[in-house]
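Hi everyone, thanks for coming. Let me put it on the screen.

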Amino acid sequence: MSARDDILGRVRTALASVQPDPVPVASPRAAPSGDLVDLFAERVADYRATVVHCPADGVEVAVAAALPAGARVVVPPALPAGLVAGLDVVVDEGLSATELDRVDAVVTGCRVAIAETGTIVLDHEPDQGRRAITLVPDRHVCIVRADQVVADVPDALAVLDPSRPLTWISGPSATSDIELDRVEGVHGPRALHVIVVDAPI
Amino acid sequence: MSATFVGMPPFPEAARGALADTQLRHNLAHATATIREKRARVVAEVDEWEELRLAGAAVKDRVLRDLDEQLVRLEESLVARGATVHWARDAAEANRVVVDVARRHGVDEVVKVKSMVTQEIGLNDALAAEGIAAWETDLAELIVQLGEDLPSHILVPAIHRNRAEIREIFRRRMGQVGRPAPDGLTDDPAVLAAAARQHLREKFLRARMAVSGANFAVADTGTLVVVESEGNGRMCLTLPEVLVSVVGIEKVVPTWAELDPLLRLLPRSSTGERMNPYTSTWSGVTPGDGPQEVHVVLLDNGRTRALADDIGRQALRCIRCSACLNVCPVYERVGGHAYGSVYPGPIGAILNPLLKGTGDPQTDSLPYASSLCGACFEACPVRIDIPEVLVHLRSKVVDAHRHDRVPKPEAVAMRSAAWAFGRQRRLRLAERFTGLGVGIGRRIGVARWTSARDLPVAPRESFRAWWRRTDGRLDEAP
């Protein structure tokens with residue numbers, strides 16, 4: 001008997017007298033209070049990310065301000081070139097991990113942002129790039145539009161496509177493994193810079 | 001190379017040793033108090049927390065009640081997305097799958113994301129036996145691995161180590177397995193974390209194969225979820241060409257939307273944060289992004305035994321948050337090693353017996369490693385009634401010993417009591433000797449029982465005698 005048949009057989013025997021429950025479980029929701037974008041900005045800042053607001057026509061300036069002078073920046077293929085004009089840019093067309101390690105920063109958009117938890121979610125479409133480029137460089141500049149902000153986790157799940165690889169980011173990388181002392185910056189980007197664009201609705 | 005829990009003594013003996021370690025007790029008291037406070041603060045923010053717990057428990061129960069269908073659907077979804085699915089009845093089968101994949105790709109090293117299930121099956125040792133190095137990349141697991149030590153907590157496995165010890169371990173051992181610790185390494189946590197970053201970076205960038213576990217596996221979509229803080233998970237899940245994920249069969253979640261309560265319950269219960277820094281989800285292979293060869297090993301290793309236990313089944317709801325460890329007065333005083341398993345604390349006290357069955361003295365001692373205070377049930381985000389399961393498991397241990405040729409003292413006491421209570425005459429006779437018996441007992445003691453309990457003073461007369469004497473008149477006190 002194959003391992004598969006053996007295991008499934010044991011599961012069925014174990015559940016012989018148990019009735020399945022086909023109805024999906026609905027989770028409780030809290031009514032969001034106040035301005036979602038403000039809440040999002042506050043919660044991300046709590047994780048010691050840098051958060052700035054800018055108008056729709058001020059993104060290019062905000063991006064440049066988020067980067068140290070002379071920084072070498074990798075960008076995803078579909079990020080509008082105008083946002084990083086004048087910077088030392090390399091467009092990711094399959095850079096190796098070692099090449100990414102020599103880059104200083106990455107600039108991307110995002111798919112959705114969660115106000116309650118201060119979370120940015122990337123679905124790695126061409127405006128955000130494949131997963132490696134937001135992982136290896138030490139600084140991640142992420143552009144979040146106000147209309148991308150939702151209230152809480154269930155709202156994000158409703159918008160996200162699970163067939164895409166997803167990365168949920170809540171602040172820079174951290175650990176509390178040494179005596180429970182929280183230390184920022186282990187393997188992921190040590191600096192997370194969020195630009196919230198107050199786009200017109 | 002690594003230490004092992006095999007051969008650990010039963011809990012009472014192991015606990016005695018741990019209790020005498022004042023440094024350990026100090027570390028644990030500080031650590032658990034800190035995490036408890038953080039958790040309490042963020043849980044208080046969520047008005048609907050109790051309903052969320054009910055929803056989380058309901059999602060897991062829904063899966064467990066229908067697990068065979070869910071597993072079949074998970075396999076279909078994974079295969080449709082380009083993953084290869086393997087089934088493993090036990091640790092040996094699971095390890096063989098990982099070794100075979102490594103062999104086929106000719107790798108002599110793999111990088112690992114923290115995964116309790118891979119510790120449960122002893123994967124690192126199985127790989128080492130085949131000449132394949134398994135590099136732990138989670139900071140605490142790295143500390144445990146370099147220190148040739150054992151994990152003592154589900155979430156912060158190196159909590160029993162202080163910074164000076166960690167510095168020593170890094171200085172002594174990093175150079176033996178890769179980039180050495182920098183000169184002048186201090187014991188400041190930020191400096192130590194930076195040393196770990198440097199040491200592991202070269203391994204991340206060159207590794208061709210990674211092994212992970214998964215916090216959740218969504219049946220409908222074939223999506224695996226890994227929840228982490230440091231970024232080592234993201235490194236392992238996206239840089240190498242080959243990824244093998246070992247997943248316990250109880251990790252299934254039916255639909256994408258039903259991840260919701262669990263994703264909201266886990267970070268606040270485990271690290272006391274609104275959300276952990278990084279959560280990665282992926283469904284099979286994504287062309288041009290991440291590993292192009294993806295394997296998933298579905299592991300039983302005793303889970304079907306737990307599933308068959310009507311009362312114990314709820315233990316499989318566990319999402320490995322470790323909230324129960326942090327509130328447990330017993331765990332706080334003895335730490336994880338005393339439980340002799342990669343799953344310590346209250347959840348370990350029920351999970352190990354459920355996965356393994358009765359018969360091993362060390363495992364049999366675990367359901368008794370509790371005062372049944374119930375704090376764990378209050379803290380559990382998926383409402384596992386740990387005290388109920390503990391009592392149930394105690395009865396299973398007693399039943400397993402019911403026909404021993406040499407009965408345990410407790411069994412003798414119970415049988416004597418059953419004999420005495422069997423007939424009114426016998427009870428009356430036994431009552432006559434209460435004063436004498438208790439008097440002797442208080443004097444000579446039954447050491448193991450009375451070392452932590454006081455025998456009460458025997459009353460001057462039994463209730464029956466008093467009733468006979470006073471004809472039940474309440475104005476005459478006994």
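Let's begin with the second largest pocket. Six elements of chain B each give at least two residues to its lining: α6 (116-120), α7 (123-129), β3 (133-136), α8 (139-146), α16 (345-356) and α17 (361-365). Keep in mind that what you see is a predicted model. The volume of this pocket is about 890 Å³. Its lining counts 39 residues, and those closest to the centre are B:T4, B:F5, B:Q119, B:G122 and B:V342.

The largest cavity takes up about 780 Å³. Among its 42 lining residues, B:K114, B:I154, B:L155, B:V227 and B:E228 are the closest to the centre. Both chains show up when we ask which elements give two or more residues to this lining: chain A brings β10 (174-175), and chain B brings α2 (22-44), α6, β6 (223-228), β7 (242-248) and α12 (259-270). By class, the largest cavity is lined by 18 nonpolar, twelve polar and twelve charged residues.

The second largest cavity has a volume of about 120 Å³. It is lined by 17 residues, with B:C328, B:P346, B:S370, B:S371 and B:C376 closest to the centre. Here α15 (329-334), α16, α18 (375-379) and α19 (386-400) of chain B each supply at least two lining residues, and α16(B) has the largest share, with three. What about charge? This lining has no charged residues; 13 are nonpolar and four are polar.

On to the cysteines. Over all chains, the structure holds zero disulfides. Take A:C110: the nearest cysteine sulfur belongs to A:C142 and is 4.8 Å away, and A:C110 is in no disulfide. Is A:C110 buried or exposed? It is buried, at a relative accessible area of 2%.

A word on annotation. UniProt, in an unreviewed entry, places a feature "domain: LUD" at residues 99-197 of chain A. That span is 10% helix and 35% strand, with its end C-alpha atoms 30 Å apart. For chain B, the UniProt annotation "domain: LUD", again from an unreviewed entry, covers residues 73-299. In this case the span is 41% helix and 21% strand, and the end C-alpha atoms lie 16 Å apart.

One residue I'd like to point out is B:R172, in helix α9 (residues 163-177) of chain B. B:R172 has 47% relative accessibility and so counts as partly exposed. B:R172 sits 25 residues from B:G147 in sequence, with 9.2 Å between their C-alpha atoms.

Finally, confidence. Chain A has a mean pLDDT of 92, with 99% of its residues at 70 or more. Within chain A, strand β11 (residues 183-184) is lowest, at a mean of 84, and strand β6 (residues 119-122) is highest, at 98. Thanks, and I'm happy to take questions.

Definitions and conventions:
Residues are numbered from 1 along each chain as its sequence is written. Chains are lettered from A and ligands numbered from 1 in the order in which they are written. This is a predicted model: local features need pLDDT of at least 70, side-chain atom pairs count only at pLDDT 80 or more; totals for chains, interfaces and linings use all residues. Side-chain values use heavy atoms; hydrogens and water are left out. On a 1 Å grid over the protein atoms alone, a cavity is a set of points where a 1.4 Å probe fits but cannot get out, and a pocket is an open set with protein on both sides within 12 Å along at least five of seven lines; lining residues have an atom within 4 Å of a point. Grid points are joined across faces, edges and corners, and a volume is the space filled by probe spheres set on the points. Helices (H or I, at least four residues) and strands (E, at least two) are DSSP runs, numbered from the N terminus. A disulfide is a pair of cysteine sulfur atoms within 2.5 Å. Buried means under 20% relative accessible area, exposed over 50%, partly exposed in between (1.4 Å probe, protein chains only). pLDDT is the predictor's confidence in each residue, from 0 to 100. UniProt positions are given in the numbering used here, feature names are shortened, and annotations may be inferred rather than shown by experiment. Ala, Val, Leu, Ile, Met, Phe, Trp, Tyr, Cys and Pro count as nonpolar, Asp, Glu, Lys and Arg as charged, and the others, Gly among them, as polar.
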